[in-house]
Structures are given as C-alpha cells and as structure tokens.
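Please look over the sequence and the 3D structure below before reading on. The briefing that follows goes from the whole chain to single residues.

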Amino acid sequence: MTLQFPRGGFRVDELLIRPPVLDDVAAIAPAFTDPDVGGEAGLPPLSEPELRAFMQRDLSPLQASGFLNPFVILEGSGTIVGGITLHHYDDQRSRVEVGYWLLARGRGRGIATRAVRALADHVHGQGVLRLEAVVRPENERSIRVLERLGFTREGRLRQFLRYGEGRADAFIYSLLPGE
C-alpha cells in the first residue's frame with residue numbers, strides 16, 4: 001500500500017495544507033537555513049537554488065516511494081506559514097513519521113496542532129497504525145504540540161538526530177488511531 005493524498009490538499013479551518021510547488025521555493029527556503037526552524041525540524045541546510053534543484057530532480061521519486069511527502073501550510077490569505085512532512089513510511093510496520101515547522105508569523109496560533117491532527121486523521125483513515133514523531137528534549141514548543149494531541153512519549157533515542165555540527169538525543173512519540 002502507498003499513502004494517498006487529496007490532489008488539492010487538505011482544508012483545516014482557514015488553513016490549506018498542500019504539496020509544495022516550485023513557486024513556493026522563495027517563501028520556504030529561509031526555513032532551511034534558519035536554526036530556529038531547520039535545525040529543529042531536521043531540514044537540510046539547502047540554499048534556495050539547491051532546494052529548487054531538489055524539488056525538480058529528486059522529490060518526485062521520494063514521494064512515490066513514501067520516503068518523503070512534504071506539504072506547505074497556507075493561511076486563508078495564501079501566505080505560507082509553515083510546513084509539515086510525512087516521511088519514512090513503512091507499510092510492513094504500519095508506521096509513518098511526521099515532522100512540522102512554522103515560520104515566525106505562524107507560531108502561537110495552534111497551526112501546527114491543527115495540521116498534525118489533520119494528517120494524523122488522514123493516515124489513520126488509510127489504515128496506518130502508528131504516527132510517530134521525534135523531537136529533541138529541548139524543543140518544548142514541538143513537545144507541547146504532540147502532547148496536546150495525545151501523542152505518547154515512548155522513550156529516548158540516543159544521538160538520533162543531526163543537530164548543528166553534531167548529534168542530539170530525541171524523544172520518540174506515537175499516536176495510534178482513536179487517541
């Protein structure tokens with residue numbers, strides 16, 4: 001099985017969650033080099049030209065395999081306020097990981113919480129048992145999002161994440177259908 005997504009994206013209140021297009025690159029590229037966003041969300045430090053090339057050359061096969069399914073989050077005005085990604089889909093283990101990030105203008109308004117809930121409901125509706133998230137113990141904002149949604153902290157993954165110039169521990173969380 002592969003995960004399927006609505007062609008036009010997901011609507012959540014005034015938000016639209018949809019796959020990125022090349023015209024989005026200028027708006028999202030700063031997140032990849034902002035340590036408050038990219039460093040926490042595990043985004044590779046890609047420049048705008050590198051991100052554009054990645055989207056043109058590499059993204060489609062990664063989406064088809066279930067390894068990487070990125071989305072942008074837009075407000076009703078059409079302004080991109082963040083992104084959310086489903087990645088490392090594993091049909092055998094019935095699991096997929098979620099990651100999310102917000103630009104400064106999108107923080108503090110429940111946007112990440114609503115976006116994660118929408119994708120959780122979508123993947124659980126397709127029969128995926130485990131939605132997982134990994135987050136550095138120091139990333140209190142992301143931890144609050146997960147705990148608000150009912151994710152369960154299952155443990156610590158030592159030296160799991162690339163962070164800055166080194167490695168960092170991460171908490172692993174999961175959300176099962178009905179939680």
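**Overall fold**

Along the sequence, the protein chain runs through the pattern β-β-α-α-α-α-β-β-β-α-β-α-β-β. This is a predicted model, in which local features need pLDDT of at least 70 and side-chain atom pairs count only at pLDDT 80 or more, while totals for chains, interfaces and linings use all residues. Residues are numbered from 1 along each chain as its sequence is written, and side-chain values use heavy atoms, with hydrogens and water left out.

- The protein chain has 6 helices and 8 strands. Helices (H or I, at least four residues) and strands (E, at least two) are DSSP runs, numbered from the N terminus.
- The C-alpha trace of the protein chain spans about 40 × 35 × 35 Å along its principal axes.
- Of the 179 residues in the protein chain, 49% count as buried. Buried means under 20% relative accessible area, exposed means over 50%, and partly exposed lies in between (1.4 Å probe, protein chains only).
- Among contacts in the protein chain with a separation of 6 or more, 57% come from residues 24 or more positions apart. Contact means heavy atoms within 4.5 Å.

**His87 and His88 in strand E4**

- His87 is found in strand E4, which covers residues 80–90, and His88 lies in strand E4 too.
- Is His87 buried or exposed? His87 counts as buried because its relative accessibility is 14%.
- His88 has a relative accessibility of 36%, so this residue counts as partly exposed.
- The side chains of His87 and His88 are joined by a polar contact of 2.7 Å. A polar contact is a pair of N or O atoms within 3.5 Å; within protein, one must be able to donate a hydrogen and the other to accept it, and residues adjacent in sequence count only if both atoms are side-chain atoms.
- Beyond its neighbours within four places in sequence, His87 is in contact with Gly66, Phe67, Leu68, Val96, Glu97, Val98 and Gly99.
- His88 is not a glycine, yet its phi is positive, at about 55°.

**Glu75 in a loop**

- Glu75 is found in the loop between strand E3 (68–74) and E4.
- The relative accessible area of Glu75 is 18%, so Glu75 is buried.
- Which side chain makes a polar contact with the side chain of Glu75? The partner is Arg109, at 2.5 Å.
- Glu75 and Leu15 are 60 residues apart along the chain, and their C-alpha atoms are separated by 4.8 Å.
- Leaving aside neighbours within four places in sequence, the contacts of Glu75 are Glu14, Leu15, Val81, Arg109 and Ile111.

- Trp101 lies in strand E5 (residues 95–102). Trp101 counts as buried because its relative accessibility is 9%.
- Arg130 is placed in strand E6 (residues 130–135). Its side chain makes a polar contact of 2.7 Å with the side chain of Glu154.
- Not counting residues up to four places away in sequence, Arg130 touches Ser94, Arg95, Val96, Glu154, Ser174, Leu175 and Leu176.
- Gln159 lies in strand E7 (residues 152–163). Gln159 is not a glycine, yet has a positive phi of about 50°.
- With a relative accessible area of 44%, Gln159 is partly exposed.

**The second largest pocket**

- The volume of the second largest pocket is about 270 Å³. A pocket is an open set of points on a 1 Å grid over the protein atoms alone, where a 1.4 Å probe fits, with protein on both sides within 12 Å along at least five of seven lines. Grid points are joined across faces, edges and corners, and a volume is the space filled by probe spheres set on the points.
- The second largest pocket is lined by 15 residues, and Leu3, Phe5, Gln63, Ala64 and Asn69 lie nearest its centre. Lining residues have an atom within 4 Å of a point.
- Helix H4 (59–65) and E3 each supply at least two residues of this lining.
- By class, the lining has 8 nonpolar, 6 polar and 1 charged residues. Ala, Val, Leu, Ile, Met, Phe, Trp, Tyr, Cys and Pro count as nonpolar, Asp, Glu, Lys and Arg as charged, and the others, Gly among them, as polar.
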